Amino acid sequence: MKTLKSVKCGESTTVVKLHGQGPIKRRIMDMGITKGVNIFVRKVAPLGDPIEITVLGYELSIRKRDAELIEVI
């Protein structure tokens, strides 16, 4: 399973499935990260956390532990 955490800086990917439960999954969905959405990884912090992505035309920073819950192609 490939997750958003493993996508390199400058690459684009598509969300296949969201893992997690309850408020964590809801928070990710509220940010616009849903099945079928394209994500572009803009920057990764020097220590790897957070990851800056572009989703639906806006920029978003996401923690590594949340990125592990997002399965991508």
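## The sheet

Five strands make up an open, antiparallel sheet, in the order β4-β3-β2-β1-β5 (strands are DSSP E runs of at least two residues and helices are H or I runs of at least four, numbered from the N terminus; two strands pair if DSSP finds at least two bridges between them). The edges are β4 (58-62) and β5 (70-72), each of which pairs on one side only. From one strand to the next, the twist averages 45° (axes are lines fitted to C-alpha atoms, and angles between N-to-C directions run from 0 to 180 degrees).

This is a predicted model, so to speak of local features a pLDDT of at least 70 is needed, while side-chain atom pairs count only at pLDDT 80 or more and totals for chains, interfaces and linings use all residues. Residues are numbered from 1 along each chain as its sequence is written, and side-chain values use heavy atoms, with hydrogens and water left out.

## Strand by strand

Let's walk across the pairings. β3 and β4 are antiparallel and share five bridges, with I53 opposite L60 of β4. Five bridges also join β2 (residues 38-44) to β3 (residues 51-55); here V44 has I51 as its bridge partner. β1 and β2 are held by three bridges, and T13 is partnered by I39 in β2. Three bridges likewise join β1 to β5, where K17 has E71 as its bridge partner.

## A positive phi at the β3-β4 turn

The hairpin of β3 and β4 has two residues between its strands, and L56 there takes a positive phi near 50°. Most residues other than glycine have a negative phi. L56 is also exposed, with a relative accessible area of 60% (exposed means over 50%, buried under 20% and partly exposed in between, using a 1.4 Å probe and protein chains only).

## The nonpolar core

The largest nonpolar core has 18 residues, and L4, I33, I39, I53, V55, I62 and I70 touch the most other members (such a core is a set of buried Ala, Val, Leu, Ile, Met, Phe, Trp, Tyr and Cys residues joined through side-chain atoms within 4.5 Å). Two or more residues come from each of β1 (12-18), β2, β3, β4 and β5, and β3 gives the largest share, three residues.

Take I39 as an example: beyond four places in sequence, its contacts include L4, V15, I33, I53 and V55 (contact means heavy atoms within 4.5 Å).

## Charged side chains

The model has five salt bridges (a side-chain nitrogen of Lys or Arg within 4 Å of a carboxyl oxygen of Asp or Glu). R42, E52 and E59 are linked in a network of them. R42 reaches E52 with closest N and O atoms 3.0 Å apart, linking β2 to β3 across ten residues. R42 also meets E59 at 3.4 Å, N to O; R42 lies in β2 and E59 in β4, so this pair ties together parts that are 17 residues apart in sequence. R42 is partly exposed at 31% relative accessibility, whereas E52 is buried at 17%.

Another pair is D30 with R26, at 3.6 Å between the closest N and O atoms. Both residues lie in helix α1 (residues 22-30), four residues apart, about one turn of the helix.

Which charged residue is buried yet has no salt bridge? That is E71, whose nearest side chain of opposite charge, K17, is 5.6 Å away (Lys and Arg count as positive, Asp and Glu as negative; His and the chain ends are not counted). E71 sits in β5, and its contacts beyond four places in sequence include M1, T3, V16 and H19.
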